[in-house]
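Visitor: Hi, I'm new to this one. Could you put it on screen and walk me through it?

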Amino acid sequence: MKIPVVVIIFNRPDKTKILFESLKDYKPSKLLIISDGPRNNLVNEKEKVTQSRKIFEKIDWECEVLFNTSETNLGCRERIISGLNWVFNKVEKAIILEDDCIPTNEFFTYMEILLDRYQHKKKISSICGTNFLSDSYEVQSSYLYSKYCHVWGWGTWRDRWFKIDSELKNLEKIKKNKFLKKYLGSNRAYFYWHWILEKVNKNKIDSWAYIWNFTNFINEDLVDQTLEKIYNSETKELDANEQQHIISKSHYNYNHVKYDIHKDKEVVSAVIEKLNEILTLVYKPITEVNEKNVLQFTTKTFNPNSVYNVHTE
C-alpha cells in the first residue's frame with residue numbers, strides 16, 4: 001500500500017506545477033496539501049496562492065486529496081507545524097515534500113521501504129532523502145544514521161512527530177546543562193545551535209525545521225539518510241536556490257575556503273561579526289580581525305564520525 005504524501009505549498013505555482021508533474025509517476029493514493037495564506041502587503045500573492053492550490057484539483061489518477069489551508073498568513077513555523085499536526089491526526093506515517101523538492105521514483109521506493117522497516121524502532125525519528133556529505137566521504141552502504149534531519153524530501157510517523165517541542169520549552173534547560181555540547185561533540189556545534197535556536201525562540205528566524213532537529217537532539221533520536229542521489233537532476237527551470245534541494249550530495253563541502261587576511265578583510269570582518277553573535281552566548285566578543293582569531297574558528301577539521309553512524313547492512 002502506498003504511503004500518503006504531504007505537499008507543502010505557498011505562492012510559487014510554477015515550482016508547484018513541476019512537483020505535481022513529478023508525482024504522476026508515483027500516483028499516491030492519498031495527498032494531503034498544506035498551504036499558507038497570502039501576506040497582505042504583497043501585490044498578486046493572493047492570486048499565486050490560489051493558483052498553487054488549484055493545481056491539485058486536476059488529478060487524473062485515483063487519489064484522495066485533502067486540503068489544509070489558511071486564509072491568513074501564519075508564517076513558516078506556525079503553518080507547517082500546525083499543518084503537520086493536522087496530517088498526523090489523519091495518517092500514521094507520511095512522505096513530506098515542499099514545493100521546490102523534486103523527487104524521482106527511487107525516492108519513493110526508498111521512503112516506502114524504510115518507513116515500513118523502522119516504524120517500530122522508536123529511536124529512528126525520520127527518514128531523509130537528502131544528505132550533505134561531500135563526494136569524498138565514501139561508504140559501502142545505501143544509507144546511514146545521522147543526528148541531523150534534512151527536510152528536503154523526508155518522512156516520519158505520527159508518534160515521532162508529536163514529540164515536537166514546538167514552543168522550545170526545553171531550550172533554556174538544555175542550554176544550562178550544555179547537553180548539546182556533549183551530544184553533538186563540539187563547542188562549535190553547541191554555540192551554533194544555541195545561537196540559531198535563540199533566534200527562532202525570539203521569532204527572529206521563522207523556522208520549524210530547527211525546532212524539529214532540536215526535538216531529535218534532546219530525545220537522542222537518529223534519522224536514516226540516503227547516500228544515493230534520489231532527486232531529479234533536471235533543474236533547467238529552477239533557480240540556484242531551488243537547485244540545492246535537488247542535487248544535494250555536493251551542496252555542503254567541508255573543504256574550507258582560504259582568504260587572504262589583508263586583501264579580504266571585509267569578508268573576514270563579516271565572518272567575525274557572525275561569530276560574535278554566537279560567542280556572546282558564552283564568551284566575550286572578538287574585538288579585532290587577525291589571523292589567529294579567524295583560523296581558530298574556521299580551520300577545524302570536520303569529522304563525519306561525530307555526526308554519522310554508518311549503517312552496514
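Guide: Buried means under 20% relative accessible area, exposed over 50%, and partly exposed in between, using a 1.4 Å probe and protein chains only. Keep in mind that this is a predicted model: local features need pLDDT of at least 70, side-chain atom pairs count only at pLDDT 80 or more, and totals for chains, interfaces and linings use all residues. Residues are numbered from 1 along each chain as its sequence is written, and side-chain values use heavy atoms, with hydrogens and water left out.

Visitor: How many disulfides does the whole structure have?

Guide: Zero, going by a search of the whole structure. A disulfide here is a pair of cysteine sulfur atoms within 2.5 Å. Cys149 is in none, and the nearest cysteine sulfur, that of Cys128, is 3.5 Å away.

Visitor: OK, zooming out. How many helices and strands are in the protein?

Guide: Twelve helices and nine strands. These are DSSP runs numbered from the N terminus, with helices being H or I of at least four residues and strands E of at least two.

Visitor: And what share of the residues is buried?

Guide: Buried residues make up 50% of the 313 in the protein. Among contacts (heavy atoms within 4.5 Å) between residues at least 6 apart in sequence, 79% join residues at least 24 apart.

Visitor: Let's pick a strand. Which residues of β7 are on which side?

Guide: Strand β7 covers residues 154-157, with Trp154 and Thr156 on one side and Gly155 and Trp157 on the other.

Visitor: Which strands are joined to β7 by bridges?

Guide: Strand β4 (residues 93-98) runs antiparallel to β7, with four bridges joining them, and Ala94 stands opposite Thr156. Strand β5 (residues 124-128) is also antiparallel to β7, through three bridges. There, Cys128 stands opposite Trp154. Two strands pair if DSSP finds at least two bridges between them.

Visitor: Trp154 again! What other ring does Trp154 pair with?

Guide: Trp212 is one partner: the ring centres are 5.8 Å apart and the planes at 45°, so the pair is tilted. Rings of Phe, Tyr and Trp (its six-membered ring) pair if their centres lie within 6.5 Å; planes under 30 degrees apart count as stacked, over 60 as edge-to-face and the rest as tilted. Trp154 lies in β7 and Trp212 in helix α9, so the pair ties together parts that are 58 residues apart in sequence. Both Trp154 and Trp212 are buried.

Visitor: How many aromatic pairs does the structure hold?

Guide: It holds 19. One aromatic cluster includes Tyr148, Phe179 and Trp195.

Visitor: What about the largest nonpolar core?

Guide: A nonpolar core is a set of buried Ala, Val, Leu, Ile, Met, Phe, Trp, Tyr and Cys residues joined through side-chain atoms within 4.5 Å. The largest has 42 residues, and Trp154 is among those touching the most other members, along with Val6 and Trp208. Helix α8 gives the largest share, eight residues. Another core, of 31 residues, lies apart from it and includes Phe20 and Tyr110.

Visitor: Back to helix α9. Is Thr215 there buried or exposed?

Guide: Thr215, which is in α9, is buried, with a relative accessible area of 1%. Leaving aside neighbours within four places in sequence, Thr215 is in contact with Lys163, Ile164 and Asp165.
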